[in-house]
Amino acid sequence: MGDARLKVVNLQAGYGKLQVLKGVSCHVGAGEVVALLGANGAGKSTLLRTVAGLLPAVGGRLFLDGNEVTGRPAEQLAALGLLLVPEGRGLFPEMTVLDNLRLGGHARRLPARELAVCVAAAAARYPVLAGRLTERAGNLSGGQQQMLALARAHVAAPRVLVLDEPSTGLAPQWVHDVFIAVREWRERGAAVLLAEQNMAQALTVADRGYVLENGQIVLEGTAAELLASPAVRKAYLGGE
Amino acid sequence: MTPPRAPSWWRIYRGPLVLLAVVLVAPWLPWGRFGYLVPLLQLAGIYTLLATSLTLLLGMAGQISLGHAGFFAVGAYTAGVAATVWHWPSGVAALAAVLAAGLVALLCGGMVLRLRGHLLALATLCLGVILYELILKSSLTGGAAGLYDLPEWRVPGRLGAGPAGGFYLVWGAAWLALAWLAHLSASPAGRALRAVRDDEAAAAALGVDVFVLKLKAFVASAMLAGVAGVLYAFVHSPSYLGPEEFGLTTSVLLVMMAVLGGLNSPWGGLVGALAVMALREGITLVADQCGFSGAARIEQLVYGLILILLLTRAPQGLVPLWRRVCCRAGDS
């Protein structure tokens, strides 16, 4: 536990008087994919936004590599190597694909030459973007936009990658590509926290998972344990 | 796979180079009976500087200011008061004026930039009105009567006596501002600013310090407006500096110029300022020729109608419209 790359302890957060997270604890190790599961409104996005520093925590603590980072703003967490790919992907629609990719390197403060190399590597990894570098990001299709978000993460090369519903609204072939990318991140040694409504899909790539309900973790375990759990099967997988 | 190349030197800087050539030649063209246009072009240079400061703030950073005439005023009046009342050397007065505009922006920006959208528009509008009222009511600034006999800046030597004497100073400053903005636009800081404009939360998640960047853009923009103020006081109108030019109408006009020119290009401010000035003069000229002179209301009406037409036909501004026309011409 001490060497978890991302550790969340008893986190509480919400919007105004509405408390969404009622004390959530979880952790993600290096080279580990952890799925965050739960229905719409369970608090997944709130948890991820709080972890990324976009939403202030009301209570609880946050650790990166064992160092406390509670209360740090998003830009400082990004500089420490935490990257959130938010729901809706967080692209800049009015800017070109190329500029979106370059912005991925912002937190790393790379010199221009190295940034160009990283961007080229990302465009090579996601060839669907290679011919569209000068297009407005807003002109891309939904699947292409998700690839752009992943390619931008490729440039950012985070130590902790937080993905908020990356497969939502995508055609099946894109969903497949998203989960291939998630596996790659694990192989590269990043800690991946993956929020998904699509439990069956998520648990095929994840090592472990947490089930969030009404702002609280109600279940946790390895992917196999969760898949076998009668409660999960009944509530989320539609099986018997 | 070759790495995508950074925009080449020529692509970033060809615009500034062409503009520099035009500025150098402009005062020596055979203007003939249109010689009265040269001082007007000088004023257009000051407006270019002002509109460009808004292209930076509104176009790149996405933050509206409806009080920019206030920073223009701070620049002009700090220079004017320091030179005529406190008898500072004009260079020191000018430097103090630009710093004062930046300082006011720094102090106010810390408060108003936490606001967004309509609230920011209203807050900056109030800021502009407050600055205007301070100047109107203060005894230091001469109030409504204004200041007289400010130091006059001209290009040194023989050149200074001719029509180019003030023209070169104003357009030199405008050129520097435009070249700097073209450079900034292609730099990592420019990218980060546009990211803030598109989506603040997403920019922050990528490591952009949103508030500090907005504040920097606000201060830089105000300092550009301050430079315009100094040039207005010392170059364009050194015999008399009054408060008329610095009201809400000017603030709105500046936003108009920036939007009309196009917020997505560093050249928007230049094109918008020139277009508005040319439109105003053109209508007056035509009205004179047709014997409508004195029917000022009709001129205003036509002016307003053409502006509305332009904004509805080219909501992205004149620079993209120009590019579209050029592309079409290039295709055929």
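Student: How many helices and strands are there in chain A?

Tutor: Chain A has 10 helices and 10 strands. Helices here are DSSP runs of H or I with at least four residues, strands are DSSP runs of E with at least two, and both are numbered from the N terminus. The model is a predicted one, in which local features need pLDDT of at least 70 and side-chain atom pairs count only at pLDDT 80 or more, while totals for chains, interfaces and linings use all residues. Residues are numbered from 1 along each chain as its sequence is written, chains are lettered from A and ligands numbered from 1 in the order in which they are written, and side-chain values use heavy atoms, leaving out hydrogens and water.

Student: What does the secondary structure of chain B come to?

Tutor: Chain B comes to 13 helices and two strands.

Student: How do you know that the radius of gyration of chain A agrees with a compact globule?

Tutor: The radius is taken over C-alpha atoms, and the globule rule is 2.2 Å times the number of residues to the power 0.38. For 240 residues the rule gives a value near 18 Å, and chain A has 17 Å, so the two agree. Its C-alpha trace spans about 50 × 40 × 35 Å along the principal axes.

Student: And what makes chain B agree with the rule?

Tutor: Chain B has 332 residues, for which a compact globule would have a radius near 20 Å; its own value is 20 Å, so it agrees. The C-alpha trace of chain B spans about 65 × 50 × 45 Å along its principal axes.

Student: Why is B:Thr124 called buried?

Tutor: Buried means under 20% relative accessible area, exposed means over 50%, and partly exposed is in between (1.4 Å probe, protein chains only). B:Thr124 has a relative accessible area of 0%, so it counts as buried. This residue is found in helix α5 (residues 117–137) of chain B. Not counting residues up to four places away in sequence, B:Thr124 touches B:Ile64, B:Ser65, B:Leu66, B:Gly67 and B:Val112; a contact means heavy atoms within 4.5 Å.

Student: What makes B:Glu200 buried?

Tutor: Its relative accessible area is 17%, so B:Glu200 is buried. B:Glu200 lies in helix α8 (residues 200–205) of chain B. Leaving aside neighbours within four places in sequence, B:Glu200 is in contact with several residues, including B:Gln63, B:Arg116 and B:Lys214.

Student: Which side chain makes a polar contact with the side chain of B:Glu200?

Tutor: The partner is the side chain of B:Lys214, at 3.0 Å. A polar contact is a pair of N or O atoms within 3.5 Å; within protein, one must be able to donate a hydrogen and the other to accept it, and residues adjacent in sequence count only if both atoms are side-chain atoms.

Student: Why is A:Leu227 called partly exposed?

Tutor: A:Leu227 has a relative accessible area of 29%, so it is partly exposed. Its place is helix α9 (residues 223–228) of chain A.

Student: Why is helix α2 of chain B called mostly covered?

Tutor: In α2 (residues 37–60) of chain B, 20 of the 24 residues are buried. Just after this helix, B:Gly62 takes a positive phi of about 75°.

Student: What share of each chain counts as buried?

Tutor: In chain A, 52% of the 240 residues count as buried; in chain B, 50% of the 332 residues do.

Student: How far apart are the mean positions of the positive and negative charges in chain B?

Tutor: For its 20 positive and 13 negative charges, the mean positions are 11 Å apart. In chain A, with 24 positive and 21 negative charges, they are 4 Å apart. Lys and Arg count as positive and Asp and Glu as negative, while His and the chain ends are not counted. Each charge is placed at NZ of Lys, CZ of Arg, CG of Asp or CD of Glu.
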